[in-house]
Amino acid sequence: MPAINYSDYPAYPEANLWTCYHPLSTTFRLWSPVAEEVALNLYDSGAGGQLLLRASLEETQEGLWVLTVQKDLRGIYYTYQVKANGIWLDETPGVYALAVGVNGRRAMVIDLAATDPAGWENDKGPAVSSPNEAVLYEVHVRDFTVSQSAGSSSPGKFLGMVEQGTTTPNGLATGIDHLKEMGITHVHLLPAFDFNSVDEAAQDKPQYNWGYDPQNYNVPEGSYASDPYRAEVRVREFKEMVQGFHRNGLGVVMDVVYNHTGVTEGSNFNLEVPGYYYRHTNDGRWSDASACGNETASERIMMRKFILESCCHWAREYHIDGFRFDLMGIHDIETMNHLAVVLKSINPNILLYGEGWTAGASPLPDAQRATKAHTHELEHISAFSDDLRDALKGSVFDEKGRGFVSGASGTEEKVKFGVVGSIAHPEVHAYVEAWARAPWQAVSYVSCHDNHTLYDKLRLSNPDASEEDIKRMHLLANAVVLTSQGIPFLMAGEEMLRTKKGAHNSYNLPDAINQIDWNWKTAHQDVFAYYRDLIQLRKAHPAFRMPTAAMVNQHLHFLGAGPGVVGYILTDHANKDPWRNIAVFYNANRFKVRVALAGAWRVVAAGAEIDFDAKQQVRDFAEVPPVAMLILFQD
């Protein structure tokens, strides 16, 4: 099959391709340079029902098709159909659909302003002067409240995310009250756009998915709405959720998946312009750097336009405070930098970060990919530090593999590299080349939805360890994350020793595996308290979140501390910190370690205890408890 030169297609980066509603008329637009005809179908419902009208769009410029219907179509559902090579393709809601009916097969004409909750015009998220001021909390909408232990009246729904006053059976805070108590700054939502794998019409049937199979990019997922049949409901409830988070001082980050679609031949992209939006191998097959069947072509003009305008739609219409890009290495650097500049102009506080890798080979030249190695070329964009992740707990590809906290030797330099935020530092002899220009370009984490939870990984790699030993490793791992210079990122439930019962890829496993069991909070109140207090300590002390590499190099110096120990000092009121000097030690040994100090110091954190009054004082030396962190300071 000969390759098609898609660059020959007429492209219109400035064209308005969104459906434009007015009470007197609605204008429908579609770009399809291969179309011989384009039809519009109007329906009275989002599924089934009556065909009200079938009309033809007019080609006003080559590949640009337009039709204006002179009547009030608000609430009417519609699809497009493209005729190419003499064949009518299947109906599609169009890639720029703003609202869809059940299961996303038909779009709906919507007055978006009518879906705004009261006070929406004044809604905004938190201010962030440097991205590493944020503390990210990754959560799946359904996981968060679907368990009976959550006490939610809207389990598994957008509105359940922001319901206040919910508690465990023992009376401990759950839901958004738990997040406020914990002190995180931003909620990172696993895919909450309309995805393909859950049947919205069968919500009583057990079914589950993370949602990394996009169907309609610009519409909220219907299974998280109280009524997936009425297209406006999911739009309004998503906005109410965002407003609820904002009113409680929390930002909202969306996990977005522009790198591939859930289906290939039958995707909305292919039903408009077959092949164009995807990359192909030399012999014409679908390229698959996503390992999900296809990969999109961000470098093509109209795909770049789509990604840009889609993100801007979420930022403007839904007041989203950040985006996490799935398999960001599939996207090209030029697109990502253009996107970042535009999004920053909409919201200067927006957070942008992604996975700096692909899941397979891609025809996009390596030098053009937005991978971790090219993070220094990205503007306003951060990447996940799998370096720190694997250094702390062992490789995610080897469930028995150990890291710093679980007994591996020779990992100290890797941990140091994570502590400085993956920048070049004269005292770090990293095993990889520094890839971040500034510390905030590294997202520090030890677990996320992918692979094992931290608890499960530690248990699998240390089968003979006691529960108390596992707990100490767990606390130490995220103590490093929360005192490192990058952006700290926590997986929901880590603060309660979350387990998925050993499952490493739970994307379609049942609630019994994936849900947050809020009884964990009762069982592990000490763990939760440690995470809460560490977050409070980080937020109170800007020395832990310096904005530039120059500042880190000036104020952060490592201390010789021996095998299994990493120690460093933050000097001279780093980043205008109220404390003059701060000393931090991570001890991964199964025995306490004596470390030398100069002068008198006050102890704020030792083992699983954080004492904000710093009642204990030491001079000239201190003891770091086994498998634990020690923090001391001088006024």
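A crossing of two helices is right-handed if the near helix is turned clockwise from the far one by less than a right angle. The legends below describe close-up views of a predicted model.

**View 1. Helix α11 packs in a right-handed crossing with helix α14.** The axes of α11 (residues 467-483) and α14 (residues 525-540) come within 10 Å and cross at roughly 15 degrees. Because angles under 35 degrees count as roughly parallel, α11 is described as roughly parallel to α14. On the α11 side, the contact is formed by K471, H474, L475, N478, A479, V481, L482 and T483. These residues meet D526, V527, Y530, Y531, L534, I535 and R538 of α14. By class, the residues of this contact comprise nine nonpolar, three polar and three charged.

**View 2. Four strands form an open, antiparallel sheet.** The strand order is β1-β2-β6-β5. From one strand to the next, the twist averages 25 degrees. Strand β5 pairs with β6 (residues 64-69) in the antiparallel sense over three bridges, and Q61 stands opposite L64 of β6.

**View 3. Residue D90 occupies the loop between β8 (87-88) and β9 (107-108).** D90 counts as exposed because its relative accessibility is 56%, where the category requires over 50%. Apart from neighbours within four places in sequence, D90 is in contact with Y80, Q81 and L271. D90 and V242 are separated by 152 residues in sequence and by 35 Å in space, C-alpha to C-alpha.

Note on methods
Residues numbered from 1 in each chain as written. Predicted model: local features only at pLDDT ≥ 70, side-chain atom pairs only at ≥ 80, totals over all residues. Heavy atoms only, no water. Axes fitted to C-alpha atoms, helices over the stretch in contact; angles between N-to-C directions. Helix = DSSP H or I, 4+ residues; strand = E, 2+ residues; numbered from the N terminus. Parallel < 35°, antiparallel > 145°, perpendicular 65-115°, else oblique. Contact = heavy atoms within 4.5 Å. Nonpolar A, V, L, I, M, F, W, Y, C, P; charged D, E, K, R; others polar. Buried < 20%, exposed > 50% of the residue type's maximum accessible area, 1.4 Å probe, protein only. Pairing = 2+ DSSP bridges.
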